[in-house]
Amino acid sequence: MKRFLIFSLLLLTSCQQQIIGLFQKGESVRHDEVIEVPFTVENGLMIIPVDIEGETYRFLFDTGAPNVVSTELSERLKLKKSRSIKTVDSQGNESLLDYVKVQKITIGGAAFINTTAAVADMKQAEAIACLNIDGLIGANLMKKAFWQIDSQKNVIRIASDFDQLTRPVNGYVIPFTTEVTGTPLIHLKMGQVDVKKLKMDTGSVGFLSTDSESYPGLKSDNQILAERASYGASSVGLFGTSENDTIRQVLVKDVSMGNLSVPNQVIDMKRSKSSLLGMSFLRNYLVTIDWKNNLLYLYPQGEFQNAYAESFGISLFKEGDKMVVSLIADGSSAQQQGIKVGDVVLRVNDVDVAHTTLEEYCKIIKLVRIKEVETLQIVLERNGGKDEYFLTKMPALSPSSK
């Protein structure tokens, strides 16, 4: 059972030149030493401490979005609106957001002056509210310095000069272009199929995902070794959940970016505004981002892991005070037992969710992390009564499962 958080944002406006100017604003204060910032991993994402006006706040480290501050934090800091822009999240949900200037943001001693931030309700989607964050540190701020993500030591390193960052000898170099906000866009190849704007998105829990439009080309190119389908809503953006869709999980023969080639990888294919390279992939590497030369460096850290491919074949979502089934995978134990999208859930393991509070929902998200449980017990509402089901994990896709 998985539900993926994705914090990617797309700005919609006819005044493109004004938007470019908005996200070019700001600068970093030069520092002579590499600054190390510890992060915690919560629901698969990196949370870092950020200082603003003498107070420390919790921010998500997110290359897939611009800076964002919560509505509450904006009011506390008395930030003045620069302009309002129609903004679309990763699920295609739209909202008119105010954009403000933050005079100074300090991350572990690295100071960033006069950067732009969107103001958003960080509690609009319950799955995001569970993170209890005050905002996002986004690409428009990050591009003012050099960054390194070390998932083995749970630290982010910030440098004023690229050569200050220590890098292993053997690694991969991937060129990128950028969105107006600074988000890196990578050219991905799957066999002969091109995806020219794959977002490097540390605000996505997922592995690799592309739009379903790539599927016919992969099929005709004989790149698909195995596949399975799911139906329902699989992910959450800043403004809400995705719409119901058929999601294909496909095992692709050959995936490459720059000089990195990774065979036999699982790709999610669904109707989407963007293709994403998320944290489930990136945590396998020491990641160094050079916005000055638009180059991404990946250095392997240990044996490559794709635990993302494991699944109970079911997702749950909170609707009002009810917990409902939001997605079912073909061939899962949930499907085989007759569970359907829209079924109301009364209990998950020992957690009563008949009248689901936000605290209970957040507990469920933590409870069913794939590495922590092997089986899942759920009780569903059935014709005024209750039915109990025991769910098991689906095996990872392999060529023999085609």
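A salt bridge, as the term is used here, is a side-chain nitrogen of Lys or Arg within 4 Å of a carboxyl oxygen of Asp or Glu. The structure is a predicted model, in which local features need pLDDT of at least 70 and side-chain atom pairs count only at pLDDT 80 or more, while totals for chains, interfaces and linings use all residues. Residues are numbered from 1 along each chain as its sequence is written, and side-chain values use heavy atoms, with hydrogens and water left out. A search of the whole structure finds 12 salt bridges, and some of them are described below.

**Salt bridges of glutamate 227**

- Glutamate 227 meets lysine 219 through their side chains in a salt bridge of 2.9 Å, N to O.
- The side chain of glutamate 227 also meets that of arginine 248 in a salt bridge, at 4.0 Å, N to O.
- This second pair links distant parts of the chain, since arginine 248 lies in strand S22 (residues 245-257) and glutamate 227 in strand S19 (residues 224-232), 21 residues apart; strands here are DSSP runs of E, at least two residues long, numbered from the N terminus.
- Glutamate 227 is partly exposed, with a relative accessible area of 24%, where partly exposed lies between buried (under 20%) and exposed (over 50%), using a 1.4 Å probe and protein chains only.
- Lysine 219, at 40% relative accessibility, counts as partly exposed, and arginine 248 counts as partly exposed at 28%.

**Other salt bridges**

- Lysine 189 and aspartate 194 meet through their side chains at 3.0 Å, N to O, in a salt bridge.
- Lysine 189 is partly exposed at 27% relative accessible area, and aspartate 194 is partly exposed at 37%.
- Glu36, Asp150 and Arg157 are linked in a network of salt bridges.

Notes:
Helices (H or I, at least four residues) and strands (E, at least two) are DSSP runs, numbered from the N terminus.
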